[in-house]
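Have the model open as you read, and enjoy the walk.

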Amino acid sequence: MPLKTLIDICLLRAAPQDLPVSRAGMIGALAAYAAAGVVGVLDVLAFENAIVAAVVDTLLLAAVTHLVLQWRRLENRLTQTLTALAGCGAVLSLLAWGAAGLAREAFQPEWIWAVFLLWYTLVFGHILRHALSITLAAGIAASLLYLIFSIGVTGVFMNPAPVTN
């Protein structure tokens with residue numbers, strides 16, 4: 001079952017190659033990633049801005065994954081890698097959103113998001129390690145680079161410039 005495999009990947013007990021090669025699964029994972037991206041930022045963004053930010057982030061994930069795998073001549077791994085990145089990203093985003101909501105009285109939501117950001121970076125590094133046949137440290141470094149790039153690009157939609165007259 002793909003959801004169980006995605007959870008096992010989030011726990012570093014499985015790898016992207018354990019997922020089935022399925023275009024429908026990949027598209028479903030990308031849709032879940034975008035939906036989780038919208039839900040995760042509705043507290044701070046208007047619905048329209050949340051949708052735009054989530055779509056841009058999802059397209060960025062697909063484009064960067066495709067380019068990196070093409071650069072390493074590993075295009076045959078695209079479906080499973082993108083399914084793993086998007087699926088695990090959706091699972092972790094929804095878990096972070098739920099945890100931040102449930103523990104709001106005990107902790108600042110930023111602390112919960114920070115913990116999940118570390119977990120997210122580790123999981124993406126784990127996936128990239130397997131997809132690119134590199135070490136875990138190199139996978140985590142690649143994951144960090146991607147997250148910084150993604151935050152920089154989608155940050156434009158998180159803090160829209162104020163309207164001045």
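Contact here means heavy atoms within 4.5 Å. By that rule, and leaving aside neighbours within four places in sequence, Gln 80 is in contact with Pro 16, Gln 17, Leu 19, Pro 20 and Val 21. Gln 80 sits in helix α4 (residues 78–102); helices are DSSP runs of H or I, at least four residues, numbered from the N terminus. Gln 80 counts as buried because its relative accessible area is 15%, where buried means under 20%, exposed over 50% and partly exposed in between (1.4 Å probe, protein chains only).

A word on the basis: this is a predicted model, in which local features need pLDDT of at least 70, side-chain atom pairs count only at pLDDT 80 or more, and totals for chains, interfaces and linings use all residues. Residues are numbered from 1 along each chain as its sequence is written, and side-chain values use heavy atoms, with hydrogens and water left out.

Now to helix α3 (residues 47–71), which holds Phe 47. Phe 47 is partly exposed, because its relative accessibility is 47%. Buried residues of α3 include Ala 50, Asp 57, Thr 58 and Leu 69. After α3 comes Arg 73, with a positive phi near 60°.

The UniProt record (unreviewed entry) lists residues 50–69 and 81–99 among its "transmembrane region" spans; such annotations may be inferred rather than shown by experiment.

Note on methods:
Helix = DSSP H or I, 4+ residues; strand = E, 2+ residues; numbered from the N terminus.
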